[in-house]
Amino acid sequence: MSLIQQINSPADLRRLRPEQLREVADEIRQYIIDVCARIGGHTGASLGAVELAVALHYAFETPKDRLVWDVGHQAYAHKILTGRRDELPTIKQYDGLSGFLKRDESEYDTFGAGHASTSLSAALGMAIARDRRGEDHHVVALIGDASLAGGMAMEAVNQAGHLKTRLIVVLNDNEMSIAPAVGALTGYLNRIREAHGYHRFKDEVGEALRSVPSVGERLHHAAKTFKDAIAAAVLPGALVNELGFKYIGYVDGHDPQSLVRALREAQQVKDSPVIVHCLTTKGKGFPAGERNYYAWHATGPFDPQTGEMVKSAKPQPPTYTAVFGKTLCELMERDERVVALTAAMPDGTGVDQALKKFPGRSFDVGIAEQHCVTFAAGMATEGLKPVCAIYSTFLQRAFDQIVHDVCLQNLDVKFCLDRGGIAGGDGPTHHGLLDIAYLRAVPNIVLMAPKDEGELRDMLATMLEHEGPAAMRYPRGNGVGADISREPRRLEIGKAEILRDAGTDVAIVAYGSMVHPSLQAAEQLSKDGVEATVVNARFAKPLDAGVLLALARTKRLVVTVEEAYLAGGFGSAVLELLEENGLQDKVRVVSMGVPDRWVTHGDAKLLLAKYGLDSDGIYTRVKEEIDVLEDRRAGARPLARS
Ligand SMILES: Cc1ncc(C[n+]2csc(CCOP(=O)(O)OP(=O)(O)O)c2C)c(N)n1
């Protein structure tokens, strides 16, 4: 039986001899490769953190000692070691393991994660709670080099160093974010690595000088004084020490025994926080992953021998992301005031195209959504037109910057929210279901969502011609195959598009990704003899009051559909409009969207179907509501609430 088959909890791991940890790590790595080859996952990130997980659970008494993972995408080995080995093949699937960390999945997941740079703050909070209760366990945060540069992590470093709280920070430094890590901190970590090389060199050269006959000792002394002056400037961890942390490192993050030794050393530090600097390689142990670690951060299924990714058999329309990236470049070509910004997601947002084509006008700011927005606001004060391409879920971080720095000053910043809607396997931390609600309340901003990738092009052009804040949301994944070859054209702000004018009792008003399913539902309804008007709302703010009020006056049933939370969403905007105009009792309005609960992870199609947000769901709901209306007409029962 293999070693990992015998490990059902970290206690089993801790019964092994230190020399056996290498074998455990190798088995875990192979298992991760086998599973990810079949179902995909955060392959590269998890392969890079295998030995770290092994050493951490070996050196610490988890779960009594608290282990806090940042982001949690790299924690597959942690899941394997903490009783979830056999469930790993269900990861990111409906009813399966979460792709990140989840407190109700395991007592070893001490803090839920998915968004970056949270671990240090959470761990510091746990350490303070421990101290207040007079307990003695360790609190350990594991964070990547890119996440450490995130604002929140820096804020925690600032407080931890000041409080001198006993806390262990393990830095998983692979020089990578998803894309190569950016910023001055990355430069600093690089210099630590170089300084290590230098110190080793210094010792070697020093010994060589010493051995020169007769003058050796003097030469050695002179060289030492000179070199120490240089060395002080690049002393590994000098800056870390200045911030109130002890520094241990760096450590080979793929050597379990060295890691265990370093962690045991860190356990001895009682009077301050300590950082253990570990060097790792993303995709470690899988040649294709190590060669192309950028693409291997997260993967779909692949050939476990060659690493070749499994491609979809049928050619697919381009993704919204790709169309956005291409259109942005076209529009940057025409207007040199346009600037492209991404917060550590160049390929995820399509801004990689602009970074290549317009390097002086495109910026990857790192995992720094808040900074990104205010950085853009500053540019806008000077006449630039910044486009912030940020996933809907990550823009949540920058809400106050949107309010205080952009919209309050009515600055010309554009927000392009990829993954607006259900994100699929990444689950609740990554679904972009709140953006309509959190943006709609903010004065000055214009909100729009395209029905397809062709309209995305029009909307991007429209936003850039509009003066003032504007946001566009679009879903994850492939477009619907719309024409993207024609020139983008400017749309009238606040004007909806009537796609199907059936002139009967029913209207479906859909926002963004829900327009096509609504059209399909209308076709299905037509086969049953029900003709529905279908409106592409295009704008959630301002609403097309003319069209909506006319529908309210002439229809008996208006169904709004959106891929977002109902609370504060597009449908509630429509209800507010009708109420303001005294039409709330004139027409039955049904709002379709996501109810007030967290949406789990799983296949996006399946999750959309679960909430009735596909053509079948819309069709069924409209039919039900028509029945209610018919019953009501016949006086059989009172109007049902939706
Ligand atoms: C707030 C936020 N922004 C962006 C992301 C997307 N994201 C997930 S992992 C990652 C890179 C993390 O890099 P690092 O911390 O160095 O860990 P590594 O993957 O290299 O192990 C990014 C940008 C996120 N999860 N959270």
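Phe-286, Trp-296 and Phe-302 form one aromatic cluster, where rings of Phe, Tyr and Trp (its six-membered ring) pair if their centres lie within 6.5 Å, and planes under 30 degrees apart count as stacked, over 60 as edge-to-face and the rest as tilted. This is a predicted model, in which local features need pLDDT of at least 70 and side-chain atom pairs count only at pLDDT 80 or more, while totals for chains, interfaces and linings use all residues. Residues are numbered from 1 along each chain as its sequence is written, and side-chain values use heavy atoms, with hydrogens and water left out.

**Aromatic rings**

- A search of the whole structure finds 10 aromatic pairs.
- In the pair of Phe-286 and Trp-296, the ring centres are 5.2 Å apart and the planes stand at 50°, so this pair is tilted.
- This pair links distant parts of the chain, 10 residues apart, since Phe-286 is in the loop between strand 5 (274-279) and helix 13 (287-291) and Trp-296 is in the loop between helix 13 and helix 14 (320-334); helices (H or I, at least four residues) and strands (E, at least two) are DSSP runs, numbered from the N terminus.
- Phe-286 is buried, with a relative accessible area of 4%, and Trp-296 is buried as well, at 3%; buried means under 20% relative accessible area, exposed over 50% and partly exposed in between, with a 1.4 Å probe and protein chains only.
- The rings of Phe-286 and Phe-302 have centres 5.4 Å apart and planes at 50°, so this pair is also tilted.
- Phe-302 lies in the loop between helix 13 and helix 14, so its pairing with Phe-286 ties together parts that are 16 residues apart in sequence.

- Strand 12 (residues 497-500) pairs with strand 14 in the antiparallel sense over three bridges, where two strands pair if DSSP finds at least two bridges between them; Val-534 is the bridge partner of Arg-500.
- Strand 13 (residues 506-510) runs parallel to strand 14 and is joined to it by five bridges, and the bridge partner of Val-506 is Ala-532.
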